[in-house]
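Biologist: I am new to this structure and would like to learn how to read it, one feature at a time. Could we begin with the strands and work outward from there?

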Amino acid sequence: MLVASNSRNDPVAERRDMASIHDSGERSILVARRRSVGYLAVLLCAAAVCSPAAAAQPSPWRTLSNENGIHLEARRVAGERFDELRVATSVKVSPDAVADFLLGKYLDAKNKNIRRSFIERGPDVVVWSDVLSTPVAADRCYSMRFERQDLAGGAVLVKFASLDKAEANSKPDCIALRSRGEWLMTPTAAGTRLVYASLTDIGGNTPAFVVKGTLSSAAVSSVRKVVAGSAGLALPRGLED
């Protein structure tokens, strides 16, 4: 025969039942806390560690060349076909002089391969469109925006980026080119430390390794033009275009 216990009339049984309920409650709280911590960890991972932005951090810079006072570096950027390039050198004029040249005579220079039309022209912002034509490749079309920013300590930053528009007179089959980067001019005792960084995708189906050397040479040539032009010197031989 089974006998049902009645804890209401048994103080020992009542304490035992209360202890069991208490232990069960603590276990439930611990389980809930562990689940909350695990869920929070997943959220943090999704928002930060596991996010595409975190995974897309560029690789370290690697030196490609360091000649005649011009230091050329490159690094891989996740999701991009081409390397980001950085060129550093020094020039014996002020940051203002370099920036004025960049937004002025540098953009006015004639190039037999480029048809340029200005959309907006001011002391701090310039917007223009180009059609780049070469004998060995399809035309490239792009619109670009330069913006000057004066920084603390006399430094000057000129940021640039291609826009979602192209030259109105370009051919329908003209391939869009994308580019972004900056020119940073920092004052030094001897003049300016000039650092140029650029990430350019020429578009089309040309493999990156085919034009890698051309893009690196173009970056160095751009810096050499700015160094010479801002100092009022003649362009080095071979840099007229």
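Modeller: Let us start with pairing: two strands count as paired if DSSP finds at least two bridges between them. Please keep in mind that this is a predicted model. Here strand 2 (residues 70-75) and strand 3 run antiparallel and are joined by 5 bridges, and within that pairing glutamate 73 has arginine 86 of strand 3 as its bridge partner.

Biologist: Which other strand pairs with strand 3, and over how many bridges?

Modeller: Strand 3 also pairs with strand 10 (residues 191-201), in the antiparallel sense and over 8 bridges. In that pairing arginine 86 stands opposite alanine 197 of strand 10, while arginine 86 is also the bridge partner of glutamate 73.

Biologist: Is strand 3 largely enclosed or open, and why?

Modeller: A residue is called buried when its relative accessible area is under 20%. In strand 3 (residues 84-91), 6 of the 8 residues are buried, so the strand is largely enclosed by the rest of the structure. Strand 10 is mostly covered, with 9 of its 11 residues buried.

Biologist: What does strand 10 form with strand 9?

Modeller: Strand 9 and strand 10 form a hairpin, with 2 residues between them. The two run antiparallel, and 11 bridges join strand 9 (residues 178-188) to strand 10; at one place in this pairing, tryptophan 183 stands opposite tyrosine 196.

Biologist: How should I read the nonpolar core, and which residues have the most contacts inside it?

Modeller: The general idea is that in soluble globular proteins nonpolar side chains tend to be buried together. In this model the largest nonpolar core has 35 residues, and those with the most contacts inside it are Leu102, Phe146, Val158, Trp183, Met185 and Val226. The largest share of this core, 6 residues, comes from helix 5. Taking phenylalanine 146 as a case, and leaving aside its neighbours within four places in sequence, its contacts include Leu102, Val158 and Trp183, and also Asp124 and Lys159.

Biologist: How many residues does helix 5 have, and what span does it reach?

Modeller: Helix 5 (residues 208-230) has 23 residues and reaches 32 Å from its first C-alpha to its last, which is close to the 33 Å expected at 1.5 Å a residue. Its buried residues include Val211, Leu215, Val220 and Val226, and also Lys225. After the helix comes glycine 232, with a positive phi near 75 degrees.

Biologist: Which residue has a positive phi although it is not a glycine?

Modeller: That residue is asparagine 68, with a phi of about 55 degrees, and its place is in the loop between strand 1 (62-67) and strand 2. Exposed means a relative accessible area over 50%, and asparagine 68, at 79%, is therefore exposed.

Biologist: Is serine 143 buried or exposed?

Modeller: Serine 143, which is found in strand 6 (residues 137-150), has a relative accessibility of 0% and so counts as buried. Its side chain is joined to that of serine 129 by a polar contact of 2.5 Å.

Biologist: What does the secondary structure of the chain come to?

Modeller: There are 5 helices and 10 strands, and buried residues make up 32% of the 241 residues in the chain. Among contacts between residues at least 6 apart in sequence, 47% join residues at least 24 apart. The chain exposes about 15200 Å², of which carbon and sulfur atoms supply 56%.

Technical notes: Residues are numbered from 1 along each chain as its sequence is written. This is a predicted model: local features need pLDDT of at least 70, side-chain atom pairs count only at pLDDT 80 or more; totals for chains, interfaces and linings use all residues. Side-chain values use heavy atoms; hydrogens and water are left out. Helices (H or I, at least four residues) and strands (E, at least two) are DSSP runs, numbered from the N terminus. The expected span of a helix is 1.5 Å times one less than its number of residues. Buried means under 20% relative accessible area, exposed over 50%, partly exposed in between (1.4 Å probe, protein chains only). A nonpolar core is a set of buried Ala, Val, Leu, Ile, Met, Phe, Trp, Tyr and Cys residues joined through side-chain atoms within 4.5 Å. Contact means heavy atoms within 4.5 Å. A polar contact is a pair of N or O atoms within 3.5 Å; within protein, one must be able to donate a hydrogen and the other to accept it, and residues adjacent in sequence count only if both atoms are side-chain atoms. Accessible areas come from the Shrake-Rupley method with a 1.4 Å probe; for residues, only the protein chains shown count as cover.
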